[in-house]
Amino acid sequence: MFRRISLLAATALAGTLTLTVPAAQGAPEKRPTPVDEPGVTANLWEWNWKSIGRECSTLAADGYTGVQVAPPQNSLKRTELGSGSDTILHPWWEVYQPVTYDLTSRMGTEDQFKAMVTKCRKAGVKVYVDAVINHMTGQGKTSYGGVDYKPYHYPDYGPKNFHFTTGECPSSDGGIQDFNNKLQVFKCNLVGLEDLRTETDKVQDTLADYLNKLIGYGVSGFRVDAAKHIGQDDLDAIYSRLHKTKDGVKPYWALEVFGGGPGILSPEAFTRSGDVLGLDAAKQMQAAFKSYPDAHIGSIATLEVFGKGSGLTSSKKTMSFVTNHDTDRNPGEYLGHKDGATFILANEWLLASGYGSPQVFSSFEWETRDDSPPAKANGLITDADCTSGKWTCDHRDRGIVAMVKWHNYVGGAKRANFYTDDANVIAFSKDGKGWAAFNNGTDAKQIRVQTGLPKGTYCDVIHDKDPGKGCDGPTVVVNSTGLVTVKVAAKDAVAFTRADRISNLT
Ligand code: ARE
């Protein structure tokens with residue numbers, strides 16, 4: 001009985017708080033436009049700040065306009081192992097358990113973070129932060145910043161700031177038992193992570209202070225972790241409190257919403273509040289490109305239709321990628337670095353497709369799901385080194401870089417001259433600006449297709465070894481009617497833009 005009364009009291013209190021928001025603040029303001037759109041970003045996930053700062057000049061030279069970085073806030077630092085399969089002291093996921101919003105993390109200090117942002121901005125690369133704002137920790141007692149805590153007790157928050165402790169989570173164990181249940185998804189603990197009362201002024205102000213601090217350091221936008229569990233209204237209220245970035249626009253806001261949830265929980269339903277991550281798009285890419293050890297190969301002919309037409313969120317509302325840190329570890333449903341040539345080819349295709357704001361995932365090699373990034377024994381991540389074999393450095397892959405530049409060159413030009421053999425080869429042009437062909441099959445294939453480009457000899461940029469310094473890759477001849485006859489190797493691509501014409505002779 002007592003519990004029932006306190007539950008009602010808590011609910012009434014929550015109701016009052018919502019209703020007494022000062023009139024001046026009123027309903028969350030609409031997202032002012034234009035927000036900062038990211039162009040092509042590299043997701044240098046769990047690279048430390050020093051390494052990202054160093055990489056930004058390379059990123060800029062390769063055509064990337066932004067870099068996404070791992071959660072920078074002070075997080076859980078594990079001090080002991082659990083039982084059974086829990087054998088990794090500092091798994092990658094420590095950083096998804098915030099303790100305070102100071103920026104001492106596995107990736108470096110607050111000063112190193114600031115220096116990285118400044119360096120990247122100077123190089124012309126904007127920084128997008130993975131913002132973990134739905135919850136605090138779900139385990140542990142100390143943090144990389146040295147701050148100790150107990151469940152539901154942190155320097156910024158106490159028990160009245162969490163749905164579980166106020167009795168607002170309706171599930172029997174405080175967790176999300178049903179991912180299709182709105183109240184559970186919004187108000188219960190996702191995998192045991194203490195769910196913040198993001199509908200309250202106190203929590204919204206604290207989160208906005210954190211994000212505004214990052215904006216003050218020069219950050220241009222956010223990937224909002226577990227956005228589905230915050231909900232549209234709270235996301236809007238937090239966003240309305242955010243300052244403009246150093247570029248004078250409101251920050252980019254990309255919401256992590258896995259598909260599959262009904263109605264208000266669907267990715268489409270979150271597009272009113274921001275862009276969404278293209279998780280279903282990544283799934284469709286895997287279905288089209290997949291290559292399993294059992295020789296089951298997908299068909300990229302299906303990619304003739306991709307985007308709104310194939311049931312995805314619209315291109316202009318989507319941050320697209322072949323994989324991210326979660327999906328890279330879920331090979332049954334998504335492509336990842338371990339797919340090798342297929343993964344590279346899918347990235348090349350995504351960049352050519354024009355779907356969404358494309359992002360290239362690049363991180364560390366792992367063997368088991370929980371593996372730590374390369375780090376010292378104390379959990380601090382060591383410098384990324386593309387020659388060590390420990391970091392994948394897929395963002396530097398020659399073919400991917402070629403297609404980043406191709407993507408930037410063709411801009412918003414419309415697709416034309418789509419060709420498919422109805423099996424595993426496709427080719428298309430971008431309205432007089434560029435042309436590309438993709439072969440996801442296991443044998444080379446010769447095609448004769450229309451490029452829509454003027455006659456001449458072009459450099460195949462996918463295989464040009466030293467871009468910008470003449471063409472040392474294969475050349476491709478376009479005849480006087482725009483036709484090309486070219487052999488596309490298995491699991492490979494051929495591409496060029498109008499700017500890659502090295503001679504008008506055929
Ligand atoms: C870790 C341990 C847990 C432990 C917990 C708390 O693994 O055993 O209970 O700590 O102590 C990441 C890791 C988790 C990790 C967590 C915190 O993946 O393993 O937990 O960090 O350290 C749903 C959400 C979606 C979420 C996924 C994981 O909707 O937002 O679950 N993804 C983000 C990140 C993750 C991160 C978190 C959120 C937490 O990208 O990397 O977790 O910050 C259907 C549903 C989806 C559901 C999906 C799960 O598709 O519709 O809603 O996603 O299944 O695959």
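This is a predicted model: local features need pLDDT of at least 70, side-chain atom pairs count only at pLDDT 80 or more; totals for chains, interfaces and linings use all residues.
**View 1. The largest pocket and the residues around it.**
This pocket holds a volume of about 780 Å³. Its lining takes in 33 residues, and the ones that lie nearest the centre are Leu 190, Val 191, Glu 256, Asp 326 and Arg 369. Sort the lining by class and you get twelve nonpolar, eleven polar and ten charged residues.

**View 2. The one cavity of 30 Å³ or more that turns up in a search of the whole structure.**

**View 3. Helix 5 packing against helix 6.**
Helix 5 covers residues 201-216 and helix 6 covers residues 232-240; their axes are 9 Å apart and the packing angle is about 50°. That angle is why helix 5 counts as oblique to helix 6. As for handedness, the crossing of these two helices is right-handed. On the helix 5 side, the contact comes from Gln 204, Leu 207 and Leu 211, while helix 6 puts in Asp 234, Ala 237 and Ile 238. In class terms, the contact of helix 5 with helix 6 has four nonpolar residues, plus one polar and one charged.

**View 4. Helix 9 alongside helix 10, roughly parallel to each other.**
Here we have helix 9 (residues 341-353) and helix 10 (residues 398-410), with axes that come within 8 Å and cross at roughly 5°. Angles under 35 degrees count as roughly parallel, so helix 9 and helix 10 get that label. Look along helix 9 for Ile 344, Asn 347, Glu 348, Leu 351 and Ala 352, which meet Gly 399, Ile 400, Met 403, Val 404, Trp 406 and His 407 of helix 10.

Methods: Residues are numbered from 1 along each chain as its sequence is written. Side-chain values use heavy atoms; hydrogens and water are left out. On a 1 Å grid over the protein atoms alone, a cavity is a set of points where a 1.4 Å probe fits but cannot get out, and a pocket is an open set with protein on both sides within 12 Å along at least five of seven lines; lining residues have an atom within 4 Å of a point. Grid points are joined across faces, edges and corners, and a volume is the space filled by probe spheres set on the points. Ala, Val, Leu, Ile, Met, Phe, Trp, Tyr, Cys and Pro count as nonpolar, Asp, Glu, Lys and Arg as charged, and the others, Gly among them, as polar. Axes are lines fitted to C-alpha atoms, for helices over the stretch in contact, and angles run from 0 to 180 degrees between N-to-C directions. Helices (H or I, at least four residues) and strands (E, at least two) are DSSP runs, numbered from the N terminus. Angles under 35 degrees count as roughly parallel, over 145 as roughly antiparallel, 65 to 115 as roughly perpendicular and the rest as oblique. A crossing is left-handed if the near helix is turned anticlockwise from the far one by less than a right angle, and right-handed if clockwise. Contact means heavy atoms within 4.5 Å.
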